[in-house]
Amino acid sequence: MHTKPDTTGKVYLVGAGPSDPGLLTVKGLHVLQQAQVVIYDALIGPGIYSLIPPGAEKIPVGKRAGHHLAEQDEISRLILDQARKGRTVVRLKGGDPFLFGRGGEELELLAAHQIPYEIVPGVTSAIAVPAYAGIPVTYRGISSSVHILTGHRKQDQPLDIDFAALLRAGGTYVFLMGAAALHEIVDGFLRAGMSPGMPSAVIGQGTGADQISVSAPLDQLEQEVCSRKVETPAVIVIGQTAAFGKRFAWRDSLPLSQSRILVTRPAARSGRLAEMLRSLGAEVLEVPAIRTQVRDCAAQLLQVLDQIGTYDYLVFTSPAGVEYFFALLDQMERDIRCIGGIKLAVIGSATGDALRQRGLRPDLMPDRYNGAQLGRLLAGCVPAGGKVLLLRSAQGNAELVRQIQSGKQIEVMDLAIYDTCEAGCHGHDPQLAAWFLESRMEMVMFTSASAVRGFVKMTEGIDYTKVRALCIGRMTAEQASAYGMQAYVAEKETMESMTEAAVQLHRQLWSGSPNALITD
């Protein structure tokens, strides 16, 4: 690793793997989270893209066959210029930067100008993509070696490959960037004497939601690939182990295989839902459409807490409310003893879990996790003339208070302790909008009406009638419908129900008969 005084920035060449964000290394993710500018390839999958910090500058320099946003010399110069500005630069490359990734070329200019840099290896698509198609590149007694080659060729020039020598070496042959040269690759092996019946496969869009795997004998491979319309990037596998793809195709059996889902929850809240979806085979993008921040309300809260003994219930409507309440207590140098023996009410299990993590248990929680149900439950439990302290977002809807006060004289102190900001205050995201314009998203998950509005700000200009919005609650669905989205509602207001609804909607879409609403 090279070093230089701190006045100069630093460059990290990070291998992002083939597409699935789960294949990004721990170090790669750590470095990416520290980036001030990210220069990324076209092969970076949507899931990887969603891991780029919202505040980082994003610069696309995608290169695919016949479509270059920037030539290699321009990219190298761009990396150098950004580092000279004193910035932390991540050059995010598909697969591994040193395996046909031209990473060495990009280091030449950095080394010549004494720019500090580090290399973060990535999982290569040569191994990962066949694995996601159920193909082991080596297998004891069948293939003891693997040869990784590039099918890329200079314009109007033949492939510079000695097929006869490869055939003598034996093993499994994996070609990257070879889709355009598939005919030459097949013809080269056949001319060298390979059996026409040799098992072969082409995997397009490997490890992503669009993954498609085509298996065929070598002499029929081109015809099958053409009929299935396999898209690049594609990995070609030729050898006896390719036959295992039909037996070991594990990914195809997952219920959300070939589903790409956008989760719009705040960054601190999306993890559990995203992991549940990924465990079922979905490619998940975590793009927060809202963010929360604590309000400057310590003095007001302190005044209310001094009168806490006069209240019947302390009410939380979200895990964020619980977290910010305890943060404010710490700021005021108070602890949980200041609330005495007041009863606690929550809107749902996630909020209840947030309390349990702090040694508290809710006394009241509705069967249906929404504000109207919680309000009606409180109205039935609080005596006439009673008092309720409600700690929540400043953007909370008025339905909860109306329900609490219906039919009784109940005093509600509705204290806003945090704000909910739409679109994370980072505005329009052209890359995200482009994926929707390309119809590359199967559905979007919304857990609040504000998340719907934040999403619209980030994707301004797309056709919202083509967006499938899977929502928690009637109000969220109504907001999505107001923008013309196809609204689907989960049966219950839980992450588990959202996941079940995603599986149901995915099956309906693939069967060609999605319902207008899953449930109301």
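**Reading the terms**

Tutor: Of the 520 residues of the protein chain, 53% count as buried, where buried means under 20% relative accessible area, exposed over 50%, and partly exposed in between, with a 1.4 Å probe and protein chains only. This is a predicted model, in which local features need pLDDT of at least 70 and side-chain atom pairs count only at pLDDT 80 or more, while totals for chains, interfaces and linings use all residues. Residues are numbered from 1 along each chain as its sequence is written, and side-chain values use heavy atoms, with hydrogens and water left out.

Student: How many helices and strands are there in the protein chain?

Tutor: The protein chain has 19 helices and 22 strands, which are DSSP runs numbered from the N terminus (H or I, at least four residues, for helices; E, at least two, for strands).

Student: Why is I212 called buried?

Tutor: The relative accessibility of I212 is 19%, and the limit for buried is under 20%, so I212 counts as buried. I212 has its place in strand β11, residues 212–217, and, not counting residues up to four places away in sequence, I212 touches V202, I203, G204, R228 and V230, contact meaning heavy atoms within 4.5 Å. The C-alpha atoms of I212 and R228 are separated by 8.6 Å, and these two residues are 16 apart along the chain.

Student: Are Q205 and K229 buried or exposed?

Tutor: Q205 has a relative accessible area of 13%, and is therefore buried, whereas K229, with 68%, is exposed. Q205 is found in the loop between β10 (199–204) and β11, and K229 in the loop between α8 and β12. Q205 has a positive phi of about 55° although it is not a glycine, and phi of K229, also a residue other than glycine, is positive and near 55°.

Student: What makes α7 roughly antiparallel to α8?

Tutor: Helix α7 (residues 182–192) and helix α8 (residues 221–228) pack at an angle of about 160°, with their axes 10 Å apart. That angle makes α7 roughly antiparallel to α8, because angles over 145 degrees count as roughly antiparallel, under 35 as roughly parallel, 65 to 115 as roughly perpendicular and the rest as oblique. The axes are lines fitted to C-alpha atoms, for helices over the stretch in contact, and the angles run from 0 to 180 degrees between N-to-C directions.

Student: Which residues of α7 and α8 meet?

Tutor: L182, H183 and V186 in α7 meet L221, E222 and V225 in α8. The residues of this contact divide into 4 nonpolar, 1 polar and 1 charged, where Ala, Val, Leu, Ile, Met, Phe, Trp, Tyr, Cys and Pro count as nonpolar, Asp, Glu, Lys and Arg as charged, and the others, Gly among them, as polar.

Student: How do you know that the buried residues of α11 line one face of the helix?

Tutor: In helix α11 (residues 298–305), A298, L301, V304 and L305 are buried. Seen down the axis of α11, these buried residues fall within an arc of 125°, so they line one face of the helix; the arc is that of the directions from the helix axis to the C-beta atoms. On the other side of α11, A299 and Q303 are exposed, while what covers the buried residues includes α12 (319–331), β18 (387–393) and β19 (411–422).
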